[in-house]
Amino acid sequence: MGGNPDARCMIASALDHQHLADALAQARLAAAAGEVPVGAVIVCGEQVVARAHNRMRGDGDATSHAELLAIRAASQALGDARLDECTLYITLEPCAMCAGAIVLARLKRVVFSAWDDKAGMAGSVGDVLRHHKLNHRPDVLGGVDSEPSAALLREFFATRRNTTADA
């Protein structure tokens, strides 16, 4: 897949794999609800402070991406808009909207699974997360445990294409 080599130079820890598995479980919840299967988990220290999955269709809100919902929940749980000691785990490389929110929330670290060659803003299409002109740049690790997340997305969209073709 695509992506930025800078997002691949760090090594994923056992905890990274564990939290990405948790995010993948969230993505499966999204798929079961007919949503694009993306899940997110935010961890501060060793504590999970937020879990979320895409809810755009259910909420009727284009901003109900897993990352934004998780950031909102973590900020509320911690009582602070700045999540500068937290790590965000996501099953898909963040889009421009989510990358902007990640920077504004000042997340310390972002770990994601599947690269998004069409909209990813952590190295695939652009790199908002590490743009040199921004005042905050989280550490980024991409492509970790990518196949299960990528497979879930492929299956979801193949099913949607087949359903549309049958109609």
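**Group meeting: a walk through the predicted model**

Gly 120 sits in the loop between strand E4 and strand E5, the latter spanning 139–141. Before going further, note that this is a predicted model. Is Gly 120 buried or exposed? Its relative accessibility is 0%, so Gly 120 counts as buried. As for neighbours, leaving out residues up to four places away in sequence, Gly 120 touches Glu 93, Pro 94, Val 125 and Gly 126. Take Pro 94 from that list: 26 residues separate Gly 120 and Pro 94 in sequence, while their C-alpha atoms are 5.5 Å apart in space.

The largest one holds 36 residues. Which of them have the most contacts inside it? They are Ile 42, Ile 71, Leu 83, Ile 102, Leu 107 and Leu 129. Several elements give two or more residues to this core: strands E1, E2 (47–53), E3 and E4 (109–114), and helices H3 (66–78), H4 (96–105) and H5. Another core lies apart from the largest one; it has eight residues, among them Ala 23, Val 43, Tyr 89 and Leu 141.

Now the cysteines. How many disulfides are there? The count comes to one. Cys 44 and Cys 86 form it, with their sulfur atoms 1.7 Å apart. Cys 44 belongs to strand E1 (residues 39–44) and Cys 86 to strand E3 (residues 86–92), so the pair ties together parts that are 42 residues apart in sequence. The link of Cys 44 and Cys 86 is right-handed, with 60° about the S-S bond. Both Cys 44 and Cys 86 are buried.

That leaves Cys 95 and Cys 98. Cys 95 is buried at a relative accessible area of 18%, and Cys 98 is buried at 0%. The cut-off for buried is under 20%, so the 18% of Cys 95 still qualifies.

Next, the largest pocket. Rolling a probe the size of a water molecule over the atoms shows where empty space is left. In this model, the largest pocket contains about 570 Å³ of space. Its lining is made of 23 residues, and those nearest its centre are Leu 92, Asp 116, Lys 118, Leu 153 and Phe 157. Which element gives the largest share of the lining? That is helix H5 (residues 146–166), with five residues. Sorted by class, 14 lining residues are nonpolar, two are polar and seven are charged.

Gln 26 is found in helix H1 (residues 14–32). With a relative accessibility of 11%, Gln 26 counts as buried. Its contacts, not counting residues up to four places away in sequence, are Gly 39, Ala 40, Arg 51, Ala 52 and His 53.

Terms used: Residues numbered from 1 in each chain as written. Predicted model: local features only at pLDDT ≥ 70, side-chain atom pairs only at ≥ 80, totals over all residues. Heavy atoms only, no water. 1 Å grid on protein atoms, 1.4 Å probe; cavity = no way out; pocket = protein on both sides within 12 Å on 5 of 7 lines; lining within 4 Å. Points joined across faces, edges and corners; volume = space filled by probe spheres on them. Helix = DSSP H or I, 4+ residues; strand = E, 2+ residues; numbered from the N terminus. Nonpolar A, V, L, I, M, F, W, Y, C, P; charged D, E, K, R; others polar. Disulfide = S-S within 2.5 Å. Buried < 20%, exposed > 50% of the residue type's maximum accessible area, 1.4 Å probe, protein only. Core = buried A, V, L, I, M, F, W, Y, C linked by side-chain atoms within 4.5 Å. Contact = heavy atoms within 4.5 Å.
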